[in-house]
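Subject: Structure for you to look at

Hello,

Here is the structure I said I would pass on. Please open it beside this email and follow along.

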Amino acid sequence: MRPRVNISASTTGSRSPVYVDGRKQQDITQKEFGAGGEIGWDFETPSGHRFGGAAQGQYTKGKVDFPDVLRQFGVPDEQKYGTRGVDFNKITGYYSHPEGYYAEGDYNPVTDDYNFMVGLRKRF
């Protein structure tokens, strides 16, 4: 039995200039934090059967700050966005037989989509 944990995160930021009547004003700034990955388990029996599964998800939080010059056009001071906690967007599972037969699949609870595949792997 082996745990599987793959998580990554990043922070980004950007600036976009605002022009009014052909003159550059202040910038629109955007900051975002995002993290995602998978957590699961992998098992292997003494006879070589392998199986496991994982849950994949993501988290996003960000904010856009608008300059004062845009408020005259009805733009708010800022706009926040992101997920409410972690969005689990895929559940995966697999089974592999020592002779090369396998089955694997995944399910997305957000879109209700699923994939399933069976096959045989042979070395040449």
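Start with K63 and D65, which form a salt bridge with their closest N and O atoms 3.7 Å apart. A salt bridge here is a side-chain nitrogen of Lys or Arg within 4 Å of a carboxyl oxygen of Asp or Glu. K63 is partly exposed, with a relative accessible area of 30%, and D65 is partly exposed at 24%. Buried means under 20% relative accessible area, exposed over 50%, and partly exposed in between (1.4 Å probe, protein chains only).

Before going on, note that this is a predicted model, in which local features need pLDDT of at least 70 and side-chain atom pairs count only at pLDDT 80 or more, while totals for chains, interfaces and linings use all residues. Residues are numbered from 1 along each chain as its sequence is written, and side-chain values use heavy atoms, with hydrogens and water left out.

Other salt bridges

The structure holds 10 salt bridges. One of them joins R4 and D42, with the closest N and O atoms 2.7 Å apart. This pair links distant parts of the chain, since R4 is in strand β1 and D42 in strand β2, 38 residues apart. Strands are DSSP runs (E, at least two residues), numbered from the N terminus. R4 is buried because its relative accessible area is 17%, and D42 is also buried, at 12%.

R15 and D27 meet in a salt bridge too, at 3.9 Å from N to O. Here D27 lies in β2 and R15 in β1, 12 residues apart. Is R15 buried or exposed? R15 is exposed, with a relative accessible area of 62%, whereas D27 counts as partly exposed at 24%.

Strands and hairpins

β1 (residues 2–20) pairs with β2 in the antiparallel sense over 18 bridges. Two strands count as a pair if DSSP finds at least two bridges between them. S10 stands opposite G34 in β2. The two strands form a hairpin with 2 residues between them, and D21 in the turn has a positive phi of about 55°.

β2 also pairs with β3 (residues 50–65), again antiparallel, over 16 bridges. A35 has Y59 in β3 as its bridge partner. This hairpin has 5 residues between the strands, and G48 in its turn has a positive phi of about 100°.

Further along, β6 (residues 101–108) and β7 (residues 113–120) run antiparallel and are joined by 8 bridges. A103 has V118 in β7 as its bridge partner. Their hairpin has 4 residues between the strands, and D112 takes a positive phi near 65°.

Two single residues

G53 is in strand β3 and is partly exposed, with a relative accessible area of 22%. Leaving aside neighbours within four places in sequence, G53 is in contact (heavy atoms within 4.5 Å) with R4, G40, W41, T92, G93 and Y94. The C-alpha atoms of G53 and E104, 51 residues apart along the chain, are separated by 9.3 Å.

Where is T83? T83 is in the loop between β4 (78–82) and β5 (87–96). The side chain of T83 reaches the backbone oxygen of G85 at 2.8 Å. Leaving aside neighbours within four places in sequence, T83 is in contact with Q58, Y59 and T60.

Regards

Conventions: A polar contact is a pair of N or O atoms within 3.5 Å; within protein, one must be able to donate a hydrogen and the other to accept it, and residues adjacent in sequence count only if both atoms are side-chain atoms.
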